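Open the model in your viewer and keep the sequence panel beside it. The stops below are given as selections.

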Amino acid sequence: MVSAPHEAMHRVFQEYPGLFTRLSDVLGLQLPPVASSEPLTVDLTENEPLERRVDTLLRIETQGDGPFLLVVEAQGKKDPGKTASWPYYVTYLNNKYRLPVLLLVICQDHATATWAARPLTIGLPQWPTVTTRPLVAGPHNMPVITDVAEARKDLALATLSAITHADNPDVDAILKTMSVALRDTPESIAEPLVELIAQGLGNRPAAQQWRNLVAVDLSFYTSPLSEEIRDEGRVEGRAEGRAEMLLSALDVRGICVTDTIREKITACPDPELLHRWLGRVFSATTAEEIFGE
């Protein structure tokens, strides 16, 4: 199953094709200025019943050197199968489009980045026939952006940096920088970046930190993530209110409430369940009767 971080690592190039221009400078790759880019189909399936798909495929137009194809692969862990599939992608696309092909691999940990950067050879040990050299971006070479002005200069690159540094010990500072940088950004620009970062963090502890920052620093946005956070807040508020009503009703009825029962009521996050319990207060003689099915 494809993970959310996997999708975010390559989707950011679909949303912001021009990102590769700045990333190539970061990675030390000298390319002519990019004039334009367009997404191409990621399906590399042939007539045989063998399906092959790249994560993102872009046709990049440069100023002076002509076009080339950019294959973006998001890699969350070592995968021996890529030894065969990555050279296939490059040779197939070169044959199909008759254009130079550059394979870019995005990683979130050092071990995977080191593994992905190894040249992949086809042929004899004494004489490799085909060599594929992925260009790798990951925590080993992506900038750690904790300066708001720097983040604002290139929000797409800062977003990719935040995603690739998801496991960085300083990720809280990185995310705080992004939330401040996005605060004065038009919603149409900020919304996809907010969602990409959330997606890229996956289920890491930093994901909750990002949710908190979105709820506070970016509370005026109406992105799916911010709406989800607000919905959670409304549910939590209803649950707290009904828990207080239930405890008050038990007190009015003179029903003894132990510490265990009080904790069960106050810890319940479901306002509908609390409502059902409240409806049983007036027919119950003990607190335990309220919780029966």
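Residues are numbered from 1 along each chain as its sequence is written, and side-chain values use heavy atoms, with hydrogens and water left out.

**Confidence.** Colour the chain by pLDDT, the predictor's confidence in each residue, from 0 to 100. The chain mean is 84, and 88% of the residues reach 70 or more. Select 224–253, helix H10: confidence is lowest here, at a mean of 66. It is highest in helix H4 (residues 110–116), at 97. Where pLDDT is low, the predicted coordinates should not be read in detail. Helices (H or I, at least four residues) and strands (E, at least two) are DSSP runs, numbered from the N terminus.

**The sheet.** Five strands form an open, mixed sheet in the order S1-S2-S3-S4-S7; two strands pair if DSSP finds at least two bridges between them. From one strand to the next the twist averages 25°, with angles running from 0 to 180 degrees between N-to-C directions of axes, which are lines fitted to C-alpha atoms, for helices over the stretch in contact. Next, select S2 (residues 56–62) and S3 (residues 68–75), which are antiparallel and joined by five bridges. Leu-58 has Leu-70 in S3 as its bridge partner.

**Helices on the sheet.** Select 4–15: helix H1 touches S2, S3 and S4 (101–107), and its direction makes about 160° with that of S3. Contact means heavy atoms within 4.5 Å. Then select 82–97, helix H3, which lies across S2, S3 and S4 and runs at about 160° to S3.

**H2 and H6.** Select 19–26 and 155–164. The axes of H2 and H6 come within 9 Å and cross at roughly 60°. In H2, Leu-19, Arg-22, Leu-23 and Val-26 meet Ala-156, Leu-157 and Leu-160 of H6.

**H6 and H8.** The H6 side of the contact includes Thr-159 and Ile-163, and the H8 side includes Leu-193 and Gly-200.

Conventions:
Predicted model: local features only at pLDDT ≥ 70, side-chain atom pairs only at ≥ 80, totals over all residues.
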